[in-house]
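Trainee: Could you take a close look at one part of this model for me, namely the way its helices pack, and then carry on to the aromatic rings? Please give the cut-offs behind each term as you go.

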Amino acid sequence: MDQIKIGKFIAECRKKVNLTQVQLAEKLNITDKAISKWERGIAMPDTSIMLDLCGIFNISVNELLCGEKIDMENNYQKNEQLLLDMSKELERKNKIIWTSMWVIMGVSMVALFAGIMIARFLIPEGVWQLVTVIGCAVVFLIPCFYALKLEVSVGAYKCKNCGYEIVPTYSQALWAMHNGTTRYLKCPKCNKRTWCKKVLK
């Protein structure tokens, strides 16, 4: 989706219905700064107010997301293109989240290893050495919990038995045995526990 194009289209539609940014903001119960961001292509309207916005402009959601008026002949083609664009955008965001998860895990493991080496060779044996090791372990675990949250937020886990794609809760993923990003989960479709592999699509 082209946010700049959508922003210009919103500005055009607003002017056609003779509304200022402030008046449109009042109708939608939001700030005029939000309208300004849409029109400059910095942000997009929330899905919760898209229908209201389209109602004010007398346009379809499809036209809003395409950033142009669509005649009936091109409607089907535009719908397909819009779905493809949205799918690509979701895939791109999922890859960014997935990469971030692995970066967090990698940095955490390096930090843990460095902390243990410092405790082993630079701190004399005793209470402070133990405190340092425990501190490093805690600092390592916090990003790990966050990385798991990122892992659960994208894609799904594919059941090895029936192929159903499972989207577990954070606690289900946390307590499931795992080997990397493959987790031992109970499938709600076939009701069996299997090693479910992570899929991003």
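Mentor: Helix α2 (residues 21-28) and helix α3 (residues 32-39) have axes that come within 8 Å and cross at roughly 115 degrees, where helices (H or I, at least four residues) and strands (E, at least two) are DSSP runs numbered from the N terminus, and axes are lines fitted to C-alpha atoms, for helices over the stretch in contact, with angles running from 0 to 180 degrees between N-to-C directions. The two helices are therefore roughly perpendicular to each other, given that angles under 35 degrees count as roughly parallel, over 145 as roughly antiparallel, 65 to 115 as roughly perpendicular and the rest as oblique. The crossing of α2 and α3 is right-handed, meaning that the near helix is turned clockwise from the far one by less than a right angle. On the α2 side the contact (heavy atoms within 4.5 Å) involves Q21, V22, L24, A25 and L28, and on the α3 side D32, I35, S36, W38 and E39.

This is a predicted model, in which local features need pLDDT of at least 70 and side-chain atom pairs count only at pLDDT 80 or more, while totals for chains, interfaces and linings use all residues. Residues are numbered from 1 along each chain as its sequence is written, and side-chain values use heavy atoms, with hydrogens and water left out.

Turning to helix α4 (residues 47-57), its axis and that of α2 come within 10 Å and cross at roughly 130 degrees, which makes α2 oblique to α4. This crossing of α2 and α4 is right-handed, and L24, K27 and L28 of α2 meet I49, D52, L53, I56 and F57 of α4.

As for the aromatic rings, the structure holds two pairs, a pair being rings of Phe, Tyr and Trp (its six-membered ring) with centres within 6.5 Å, and planes under 30 degrees apart counting as stacked, over 60 as edge-to-face and the rest as tilted. The ring centres of W98 and W102 lie 6.4 Å apart with the planes at 80 degrees, so this pair is edge-to-face. Both residues belong to helix α6 (residues 72-121), four residues apart, about one turn of the helix. W98 is buried at a relative accessible area of 17%, whereas W102, at 45%, is partly exposed; buried means under 20%, exposed over 50% and partly exposed in between, with a 1.4 Å probe and protein chains only. Y184 and W195 form a tilted pair, 5.3 Å centre to centre with 50 degrees between the planes.
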